[in-house]
Amino acid sequence: MKKSFVKTVCGIVLAGCMLASTGCSMPGASAKDSNDTGVVVEASDGELFSDTTLDAKQVMVMGKIYEIPFNYSKVSKQLTLREEMTEKFNVKVPARGFMSNVFLDVAGSEGSYITVKLQNTYTTDELPKLCNIAGIKLSADHCDNTVVSLPSGITLGSSAYQVTGCYGDPDKTIDEKGSFQYVYEKGDVTYTFYFLADGDGVQAIDIDYTGK
């Protein structure tokens, strides 16, 4: 009787171990993991793209993630002001105002640049280095796809299908001769993607913060 009881207990324990090991490798579990797109990419400082939509207002600039608007000083070593905007020439952004089309050269990459819109949140005129980046314009003609990217890895060269696959149908489509644009209105940020009709993916991206 005692031997029979021990055999029964051992059988139950063995069956439980087999079920546990099977459960760890169930196809359903691996499928769930493979479909988890909440985390897209990790930046060098440990920050994460935590959203695959544009609503997060996240942007990756030179390998680090920021939320628009963000202070220019955070990227001033990687993206340097053109000489005419430096303190030497005392160019200032109006109090509580904006300054558009400010050229930022990509450090270590001759001829590569983006343009930004600076926001001054102070009540006095301020030098650009004290202002926020409230808009970014980049073009495949002037920089590569490693300078700026968006959640889901969308950047210069991404296809129209990739853009709509990540962010859904645009709020507005603008068709022009030989080109078209996808426009997304996400709260106080507008995203515009520019394409050529004959392909080659995103040719330019315009990110514009319209808040205060």
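Contact here means heavy atoms within 4.5 Å. With that in hand, let us walk through this predicted model.

## Ground rules

Residues are numbered from 1 along each chain as its sequence is written, and side-chain values use heavy atoms, with hydrogens and water left out. As this is a predicted model, local features need pLDDT of at least 70 and side-chain atom pairs count only at pLDDT 80 or more, while totals for chains, interfaces and linings use all residues.

## Leucine 150 and the nonpolar core

Setting aside its neighbours within four places in sequence, leucine 150 is in contact with Phe49, Leu54, Gln58, Val59, Tyr167, Tyr191, Phe193, Ile205 and Ile207. Leu150 also stands out in the largest nonpolar core, which has 44 residues: together with Ile136 and Phe193, Leu150 touches the most other members.

A nonpolar core is a set of buried Ala, Val, Leu, Ile, Met, Phe, Trp, Tyr and Cys residues joined through side-chain atoms within 4.5 Å. Buried means under 20% relative accessible area, exposed over 50%, and partly exposed in between (1.4 Å probe, protein chains only). In soluble globular proteins, nonpolar side chains tend to be buried together.

## A three-stranded sheet

Helices (H or I, at least four residues) and strands (E, at least two) are DSSP runs, numbered from the N terminus. Two strands pair if DSSP finds at least two bridges between them. Three strands form an open sheet in the order E2-E1-E8, with antiparallel pairing. Strand E2 (64-67) and strand E8 (148-149) are its edges, each pairing on one side only.

Four bridges link strand E1 (residues 58-61) to E2 in the antiparallel sense.

Is lysine 57 buried or exposed? Lysine 57 counts as buried because its relative accessibility is 18%. This lysine sits in the loop between helix H2 (27-34) and E1. Beyond its neighbours within four places in sequence, lysine 57 is in contact with Tyr66, Glu67, Ile68, Asp188, Val189, Tyr191 and Tyr209.

## Backbone exceptions

Most residues other than glycine have a negative phi, and most peptide bonds are trans. Isoleucine 68 and proline 69 are joined by a cis peptide bond, with omega about -5 degrees. Proline 69 belongs to the loop between E2 and strand E3 (70-71).

Asparagine 90 is not a glycine, yet has a positive phi of about 55 degrees. Asparagine 90 lies in the loop between strand E4 (79-81) and strand E5 (98-106), and counts as partly exposed because its relative accessibility is 48%. Asparagine 101 likewise has a positive phi of about 55 degrees, but is found in strand E5.
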